[in-house]
Amino acid sequence: MFERILLGLHEVEGVQATIVIDGAGKILASQAHAVYDLPLLQQVSRTIVSAVDSVQLVQEDWELVTATYSDGKVLIRNLRPSRPQGRAVVLAVIADSRLNTPFAGVAIRVAASKLKAELDSPSASGMVAAIPNQPPSVSTSAYSPPVNGRSPTGSTRLAPSSATPPLPIPPPRPELAASGLSWSGLSKSLNVSTSGVSVVDDAASRYLTACTKALSASVGPMAKVFVKEAVRRVCTDRPFSREDAAALVAELLPHIGSASDREDFNRALRSA
Amino acid sequence: MTSLSKLAKAQITRFPEVVATVVTDRAGTLLESTGDVDGETVGAVHAVSAEALGRTGEALGLGGLQRASVSGPKKVCIIATYDEEIVGIYVDPTKSLGAFEKKLEGVLRQ
């Protein structure tokens, strides 16, 4: 039932993933594009709970947190189960820059009221009270750019199987290059934190930007993450240079599902 | 006085919607506060929230955090980042948040 409610949110243009998270950071339900795999959603759930726990200290009656990023938004709605023994539960909506916030606000309010009703029902009490981190039955599909505002999604259901240990948070990566230059993404923005990769010169930085733009046509906002990961694999501790382009492209091509998209990607980079 | 503190005092507090402001560094150390608010406590909360939300956005490939709004029936707060500082702006909950955010964006990008 949760999945059906979350699926309704994906009718809103720009919505990439929706997660229902309990107070301990465990995922109760989710609907997401395949690029947002379960380990990533679990990592994000923990940081979201960390943020709302601190907000709760100074604003107990908070209803909505809207985080605006340079390339998208995350909206976090407090579901606040009405049962005395109910634990805090939130709905997180992850969206790209196409999101129409007022439309999304309405859709989130509708989904929240349905989710609250489900959480308050007797059948939900067992789910909220004790949910181990279980490997879900995930149906994934390659990312497709939305058609008529709709995109394919994969749903995550918690299957009754053995618990999995919590995932470790990856250690911070070195940021500074010998050249002192680093590339952190497509847009200049007022960043809270950056984790760039090192580059030898501006040409290398421009190439990475072109790579990310070309890749985002196939995989969406995760392109930046894939490019950074690929650069770190190709270059390990040395800065990225234009000479590493072929190796980088070879690392990125497996992320692109269709042959025609791979051809488009290669074509876009030939002129970069 | 830091640049954001000056901006807060000179411009942000002059908006009629603003009831309080708190300016801190990234570590949550209070730099400036105006209005009826416990600057030290809420400033630290703003810094922690901004850091956690920043990590969220990075993990999701959404880029850097620009601002976060926390809204409730009695209180609305916008947490915005500016260079190495963080400002928390408490806004009259009866006023339009969207309109105020646009004004704030104009101020912070000057």
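The second largest pocket here has a volume of about 740 Å³. A pocket, on a 1 Å grid over the protein atoms alone, is an open set of points where a 1.4 Å probe fits, with protein on both sides within 12 Å along at least five of seven lines. The volume is the space filled by probe spheres set on the points, which are joined across faces, edges and corners.

This is a predicted model, where local features need pLDDT of at least 70 and side-chain atom pairs count only at pLDDT 80 or more, while totals for chains, interfaces and linings use all residues. Residues are numbered from 1 along each chain as its sequence is written, chains are lettered from A in the order in which they are written, and side-chain values use heavy atoms, without hydrogens and water.

Back to the pocket. Its lining, meaning residues with an atom within 4 Å of a point, has 28 residues, and Thr66(A), Thr101(A), Leu97(B), Gly98(B) and Glu101(B) are the closest to the centre. H3(B) supplies the largest share, six residues. Helices here are DSSP runs of H or I with at least four residues, and strands are runs of E with at least two. By type, the lining has nine nonpolar, nine polar and 10 charged residues; Gly counts as polar, and Asp, Glu, Lys and Arg as charged.

Now the interface. Contact, meaning heavy atoms within 4.5 Å, takes in 41 residues of chain A and 37 residues of chain B. About 3,400 Å² is buried between the two chains, 57% of it from carbon and sulfur atoms; that is accessible area (1.4 Å probe) lost on being put together, summed over both.

How many salt bridges cross the interface of chain A and chain B? The rule, a side-chain nitrogen of Lys or Arg within 4 Å of a carboxyl oxygen of Asp or Glu, finds zero.
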